[in-house]
Amino acid sequence: MKDDRTAAPAERSPDELAERLTEVFDLVGPLYRRVHRKVEQAAPIEGLSVGVRAVLDLLRTQGPMTVPQMGRAQALSRQFVQRMVNDAARLGLVESVANPAHRRSSLIRLTGPGRAAIGAVRAREHALLRRVDGDLTLADVDACLRVLGAMHALFEDVDVD
């Protein structure tokens with residue numbers, strides 16, 4: 001006998017799929033808020049807020065970016081990203097450099113201390129995530145990323161400014 005939760009995709013109606021995706025939202029919201037609190041609890045270690053951590057990690061993966069580019073990439077308002085960039089700059093973690101593509105919109109890039117700070121944060125997070133239980137496989141994580149990516153794409157056109 002098949003469990004309805006593991007039925008093949010062809011056997012699912014759009015309504016059943018929507019109901020299951022709602023369960024994803026029900027988990028993602030509280031998970032995000034708990035992770036947010038955990039990062040804030042550890043903030044004294046590196047002196048980073050969740051917002052500054054997000055800016056530093058984005059610059060780590062994408063290289064120098066403008067504030068509007070960061071806002072679009074993170075689905076955050078330019079104003080919020082600018083405040084986080086200002087905080088990071090006050091801490092000496094990022095710096096503004098000339099943008100050859102746009103004279104009025106500087107590129108923001110990591111400094112050496114910024115690279116060290118985000119490296120320390122990621123190392124601590126990696127150590128914590130190694131403790132995830134539940135006999136998860138890389139295929140499970142790949143499926144999760146595929147689902148969340150599809151859900152992200154559905155809402156990609158939502159304006160955050």
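Q: What makes the side chains of Asp 57 and Arg 60 a salt bridge?
A: A salt bridge needs a side-chain nitrogen of Lys or Arg within 4 Å of a carboxyl oxygen of Asp or Glu. Here N and O are 2.7 Å apart. Asp 57 and Arg 60 therefore qualify. This is a predicted model, in which local features need pLDDT of at least 70 and side-chain atom pairs pLDDT 80 or more, while totals for chains, interfaces and linings use all residues. Residues are numbered from 1 along each chain as its sequence is written, and side-chain values use heavy atoms, without hydrogens and water.

Q: How many salt bridges does this rule count?
A: Seven.

Q: Why are Asp 57 and Arg 60 said to be about one helical turn apart?
A: Because they are three residues apart in helix H2. Helices are DSSP runs (H or I, at least four residues), and strands are runs of E (at least two), numbered from the N terminus.

Q: Is Asp 57 buried or exposed?
A: Buried means under 20% relative accessible area, exposed over 50%, partly exposed in between (1.4 Å probe, protein chains only). Asp 57 has 14%, so it is buried. Arg 60, at 37%, counts as partly exposed.

Q: What makes Arg 122 and Asp 57 a link between distant parts of the chain?
A: Their closest N and O atoms are 3.4 Å apart, a salt bridge. Arg 122 is in helix H5 and Asp 57 in helix H2, 65 residues apart. Shared partners join Arg 53, Asp 57, Arg 60, Arg 122 and Glu 125 into one network.

Q: How close are the N and O atoms of Arg 53 and Glu 125?
A: The closest are 2.5 Å apart, in a salt bridge. This pair also joins H2 to H5, across 72 residues.

Q: Why are H2 and H4 called roughly perpendicular?
A: Angles of 65 to 115 degrees count as roughly perpendicular, under 35 as roughly parallel, over 145 as roughly antiparallel, and the rest as oblique. H2 (residues 50-62) and H4 (residues 78-90) pack at about 85°, with axes 9 Å apart. They are therefore roughly perpendicular. Contact means heavy atoms within 4.5 Å. Val 55 of H2 and Met 84 of H4 are among the residues that make it.

Q: At what angle do the axes of H2 and H5 cross?
A: At roughly 100°, coming within 10 Å. That makes H2 roughly perpendicular to H5. The contact includes Leu 56 of H2 and Ile 118 of H5.

Q: Why does Phe 25 count as partly exposed?
A: Its relative accessibility is 45%, so it falls in the partly exposed class. Phe 25 lies in helix H1 (residues 14-46).

Key: Axes fitted to C-alpha atoms, helices over the stretch in contact; angles between N-to-C directions.
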